[in-house]
Amino acid sequence: MNTPHPAVRLSDRIAELLTDPEAVPATWSSRPQWRQSLAHGTPGIALLHIERAATGRGPWEPVRAWLAIAANGPVTSGTDSYLHYGAPALAHVLACAAQARPGSYSSALTHLDDVIAVDALRRCDEALARIARGDLPVLAEFDAIRGLTGVGTVLLRRDPSGEAIHRILGYLVRLTADVKHKGRALPGWWTPDGPSGTPDERFPGGHANTGLAHGIAGPLALLSLALRRGVEVDGQRETTRTILAWLERQRDGHAWPYWITPNHLDGTARMPLAPQRPSWCYGTAGVARAQQLAALALGDSRLRHDAEHALATALTDPKALAATTDLSACHGFAGLAHIAHRAADDALPDNAARLRFAVALLLDTAHPPRADPDEQAHRLLATAGPEFLEGAAGTALALLAPATGTTLATSWDTCLLTS
């Protein structure tokens, strides 16, 4: 039996402080996105308690209390919904609860499945019409947070044989074809905006994003996860290799630039990368995990070794770790520990040992020896808030499996495309 790492005490204490929705300060609960946001509100906190209940570390009562708030009113669908907000967010959380308690929430899930599928088909039609016009995409068309890649993670779990997930995969195949724009050949996911998804004077020619949250590593992960489940459309394998080849051209040692600009294409911005945090959202952790998933889907042992080596190297690089400054699931030490734990389970033996060493190092950093978990949990809630993606709930959830040395009881991290 595995001996839990002391970081599990921090995870437990955060969960205890987030047990009672009535105790939540109004500064959090009064936010407009609170009820329906997986990233920033109630569903993300419910997800923490679902995984804890499913593993026997906590009761089901907090799950019911938090989900009651999430379901207390109309659920947003259509243009304003995406993986981290509205119908897809609630479907992801309820699916995790139903995974632990089969048969629960079946009526709500059936309704949400129908709504999400209709929305996905409409969005695919709009995206394909945009491609036909020759326009460049916005990040929110395809990315993992707001785009069709994120919605695809829900559909892949809930209806892997359905039309909607196949249409999304077909769209991603089309997305990756090179386009001609203003006389220049660009990758099809080149966006005219900045990384925020809005016009940015710092990116006058737009950019191609490499990250898992907002860039091409997200589609790579979804295409690969679908292949591993036997869900495939024409061109999917070739597209997966196209993305891999593009990422390989951008790679600098064990790291990737967060984005590629016209200056990169012209060769005027090519220089060694400064130390950067190897996070889930941007950086080596997300990109390398997506590559590892692709290698597993394609049966490519060389790529598998290279991806695992890059990940293990980045997660034990003192300069890269020094650039990491928080504990969050999105871009902090807890998220890195979770990815390393996930990747180690899939890794070749030598790389698995290096990744498990990285897990221990990251857990020690997240919860140093002799640290007071109560003080640490209170400080985290005061500074980062209770949210899933960048706050306390996600930190507690991301720490849970690596700190206990166990596998996940639910598929909660499919919303991060890490499984």
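The expected span of a helix is 1.5 Å times one less than its number of residues. Helices are DSSP runs of H or I with at least four residues, numbered from the N terminus. The model is predicted: local features need pLDDT of at least 70, side-chain atom pairs count only at pLDDT 80 or more, and totals for chains, interfaces and linings use all residues. Residues are numbered from 1 along each chain as its sequence is written, and side-chain values use heavy atoms, with hydrogens and water left out.

Helix α13 covers residues 284-298. Its 15 residues should span 21 Å at 1.5 Å a residue, and its end C-alpha atoms are 20 Å apart, which agrees. Of these 15 residues, 14 are buried, so α13 is largely enclosed by the rest of the structure. Buried means under 20% relative accessible area, with a 1.4 Å probe and protein chains only.

Helix α16 (residues 333-346) has 14 residues. From first C-alpha to last it reaches 20 Å, close to the 20 Å expected. This helix is mostly covered, with twelve of its 14 residues buried. Among them are Phe 333, Leu 336, His 338, Ile 339, His 341 and Arg 342. The buried residues of α16 pack against α13, α14 (301-314), α15 (318-322), α17 (349-366) and α19 (392-404).

The largest nonpolar core has 138 residues. Such a core is a set of buried Ala, Val, Leu, Ile, Met, Phe, Trp, Tyr and Cys residues joined through side-chain atoms within 4.5 Å. Ile 168, Tyr 171, Trp 280 and Phe 388 have the most contacts inside this core. The largest share of the core, ten residues, comes from α5. In soluble globular proteins, nonpolar side chains tend to be buried together.

Contact means heavy atoms within 4.5 Å. Leaving aside neighbours within four places in sequence, Phe 388 is in contact with residues including Leu 38, Leu 47, His 84, Ala 329, Leu 397, Trp 412 and Cys 415. His 92 lies in helix α5 (residues 87-100). His 92 is buried, with a relative accessible area of 3%. With neighbours within four places set aside, the contacts of His 92 are Leu 38, Leu 47, Val 154, Arg 157, Ser 411, Trp 412, Thr 414 and Cys 415.

Ile 243 sits in helix α11 (residues 236-250). Its relative accessible area is 0%, so Ile 243 is buried. Residues up to four places away not counted, Ile 243 touches Thr 176, Ile 216, Leu 220 and Leu 223. Pro 187 is 56 residues from Ile 243 along the chain, and their C-alpha atoms are separated by 9.5 Å.

Three cavities of 30 Å³ or more occur in the structure. On a 1 Å grid over the protein atoms alone, a cavity is a set of points where a 1.4 Å probe fits but cannot get out, and lining residues have an atom within 4 Å of a point. Grid points are joined across faces, edges and corners, and a volume is the space filled by probe spheres set on the points. The largest cavity has a volume of about 50 Å³. Its lining consists of Ser 81, Ala 87, Pro 88, Ile 116, Asp 119, Ala 120, Arg 123 and Val 151. Helix α6 gives the most to this lining, with four residues. The second largest cavity has a volume of about 40 Å³. Residues lining the second largest cavity include Arg 35, Gln 36, Pro 43 and Leu 90.

Conventions. Helix = DSSP H or I, 4+ residues; strand = E, 2+ residues; numbered from the N terminus. Buried < 20%, exposed > 50% of the residue type's maximum accessible area, 1.4 Å probe, protein only. 1 Å grid on protein atoms, 1.4 Å probe; cavity = no way out; pocket = protein on both sides within 12 Å on 5 of 7 lines; lining within 4 Å.
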